[in-house]
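Okay, thanks for coming, everyone.

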Amino acid sequence: SDHMENICGYLMKYTNLVTGWQYRYFVLNNDAGLLEYFVNEQSRHLKPRGTLQLAGAVISPSDEDSHTFTVNAASGEQYKLRATDAKERQHWVSRLQICTQHHTEAIGKNNPPLKSRSFSLASQGSANSPGVQRRPSQNAVSFFNVGHHRLPTGKRVPIMQPDHLVDVREMMSQAEGQQRDLIRSIECLPASGHLTSLDQDLLMLKATSMATMNCLNDCFHILQLQHASQQKGSLPAGTTISWLEPKISLANHFKNGAAQNFPAEINKPASVREEQSIAEPCQLTREPEEINPDEEMEDICDDKEDDLGAVEEQRSVILHLLSQLKLGMDLTRVVLPTFILEKRSLLEMYADFMSHPDLFIAITNGSSPEERMIRFVEYYLTSFHEGRKGAIAKKPYNPIIGETFHCSWRMPKSNVAIDAGTNPSAHSPSEQVTLPKDPDGQAEPDYYTVKFVAEQVSHHPPVSGFYAECVERNMCVNAHVWTKSKFLGMSIGVTMVGEGVLHLLEHGEEYTFSLPCAYARSILTVPWVELGGKVNINCAKTGYSASINFHTKPFYGGKLHRVTGEVKQNMTNTVVCRVQGEWNSVLEFTYSNGETKYVDLTKLSVTRKRVRPLEKQGPFESRRLWQHVTESLRDGDIDKATEHKRALEERQRNEERLRAETETPWCTKYFLKDGDGWVYHKPLWKTVSAAQTQQTDSN
């Protein structure tokens, strides 16, 4: 083929943080399926400085710019390369991809398919036994000699009775042990040679064996439900059977051949036993708790996620994980490795979107519907920057059902007036806020308080509800979000399904809004976050709306994190404001009168949230619930963090199974189901309405 040509030339190669980028002379050898490089063209006749096997490799143009691309070999080795321009990059990428495909397909033709092999672990023992030290002459057939277990001739399988579930559980435990031995045996294989741990058929065997065990666990769960229904009668109408999360954590399997220990209960740390022994949430108090803001203290935690160490060290783990996933696969039930986690819960991440309470409070100070809509758009666009901790894309903890998070912010009223660009004394009497006095007759403090509460109201699907209010300014926001994540190849996409409503009670206005999608890009190198999609903000009473587009970076050229939008009056279809810029850098607002305003997000002051100390938090408040996982991550002890995380997840599964067996519905603490959404149990609009009614009755 004309495309199967041997090409050569200079490319820049990234070596390390110290050396950086260096020019090297690269040669693509199509016949051998090799990518080689030399110090320069003159040394081409010498031994190559480096060589990559292209069979099974992944060639990935980088999202960072139009010149960079990576070559990820099946062995786990990676070259990060940079061409002189986009055209040259495309030339190299296309030729490398053609060569890679050719040699990968050739290997597939030369090796028998999985179904024709006879795999069995019966005689191999554990991964640490001498039997796994494979000689080079051994092949897959002789190494994995696993056959199907057969019943003795003439014996029939007895009909399974409900009281045999204990026997089934024991059989499944044995199968799980064999499956773990299989994974260990595969991962103990060398990274290169005739049969490697990255063999495509063996990776498929790992994936299918794990999927089989997950399916068996789900089926066993159904048998338990049927057993419970036979004891109580029949299942009531409308009862649904919930599928469980995978019984086998992916994090357990991708330890690069290291044998995973499963210690007995007595050997577990006290903190793990405590996590597993916390009572069923519904047995704890599920009555809403009034949090006193005076008990909260300014947050001193500053966990920036800029550490690349764990990601670099666990690259092979990521490659193994990706080998199990398919394009478009829902990741909701996939247990991801612990080292990619942020040191905070998703519920706390939602709170960090409120890190500019001055801009939030200033919305209601707008003198006209137009100005209030523009201020809301300004607040909305500035909220995402602080919601991300650092430049590295990491995943917050998945909240467990019943988990809550509380915090508040205090904002001096003078700061809000200055930021609002208005003089408080210039408000009309109807806009003036009368400061109530406390029982001692003293005026309220000279700061506004914004309270925040979030709760995980559903596990399948994972739905979070959150609510924030500023009583002094008669404003609040209520939202519910269902996070749906999918595997997209070289990135992961998260869709934020749900809706939020901002209530400005002083003006009788409601602003409905949605959230953009989020993407974790370059997950094989240095992962980073990108927002994408179109969101809308509407106020039905005033007729003003905003349309905002978060632009993902195009394949060639273009800027990162770009956002554009416009605010218009729907009745006249008149655009009153346009906005453009980057959601994590500088935003430019252009008004209908020709004026322009710039907002530099990197220079905006961030107000630290206030949280209660751990000792005053309830057992299901985020920071106390995840404290041992967070401490282990801070100490860099990934195995210990994984153990604590697994204990929490296992407890959640046990509680879910118990509720299903006893037909006990889950009871939320702060949020109530309202149609397709969730609403805070005591929203400000109800409180104000009740107070106005009481005042009218007294008059």
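So, the largest nonpolar core has 60 residues, and the ones touching the most other members are Phe360, Leu381, Phe452, Ile537 and Phe550. Helix 11, residues 369-387, gives this core its largest share, 8 residues. By nonpolar core I mean buried Ala, Val, Leu, Ile, Met, Phe, Trp, Tyr and Cys residues joined through side-chain atoms within 4.5 Å. Buried is under 20% relative accessible area, exposed is over 50%, and partly exposed is in between, with a 1.4 Å probe and protein chains only. Helices (H or I, at least four residues) and strands (E, at least two) are DSSP runs, numbered from the N terminus.

Quick caveat: this is a predicted model, so local features need pLDDT of at least 70 and side-chain atom pairs count only at pLDDT 80 or more, while totals for chains, interfaces and linings use all residues. Numbering starts from 1 along each chain as its sequence is written, and side-chain values use heavy atoms, with hydrogens and water left out.

Back to phenylalanine 360. Beyond its neighbours within four places in sequence, it has contacts (heavy atoms within 4.5 Å) with Met354, Tyr379, Val450, Met475, Val477 and Leu502. There's also a second, separate core of 20 residues, with Phe26, Phe69, Trp92 and Cys99 among them.

Now the salt bridges, meaning a Lys or Arg side-chain nitrogen within 4 Å of an Asp or Glu carboxyl oxygen. The structure has 19.

Take aspartate 294 and arginine 410, whose closest N and O atoms are 2.8 Å apart. These two come from distant parts of the chain, 116 residues apart: aspartate 294 sits in the loop between helix 6 (270-277) and strand 8 (297-298), arginine 410 in strand 11 (residues 404-412). Aspartate 294 is exposed at 59% relative accessible area, and arginine 410 is partly exposed at 24%.

Next, aspartate 352 and lysine 609 pair up at 2.6 Å, N to O. Aspartate 352 is in helix 9 (residues 346-352) and lysine 609 is in the loop between strand 23 (596-600) and strand 24 (610-611), so this bridge ties together parts 257 residues apart in sequence. Both residues are buried.

Glutamate 371 is partly exposed at 24%; arginine 375 is buried at 10%.

Last one: which residues do shared partners join into one salt-bridge network? Asp299, Arg344, Glu348, Asp352, Lys609 and Arg623.
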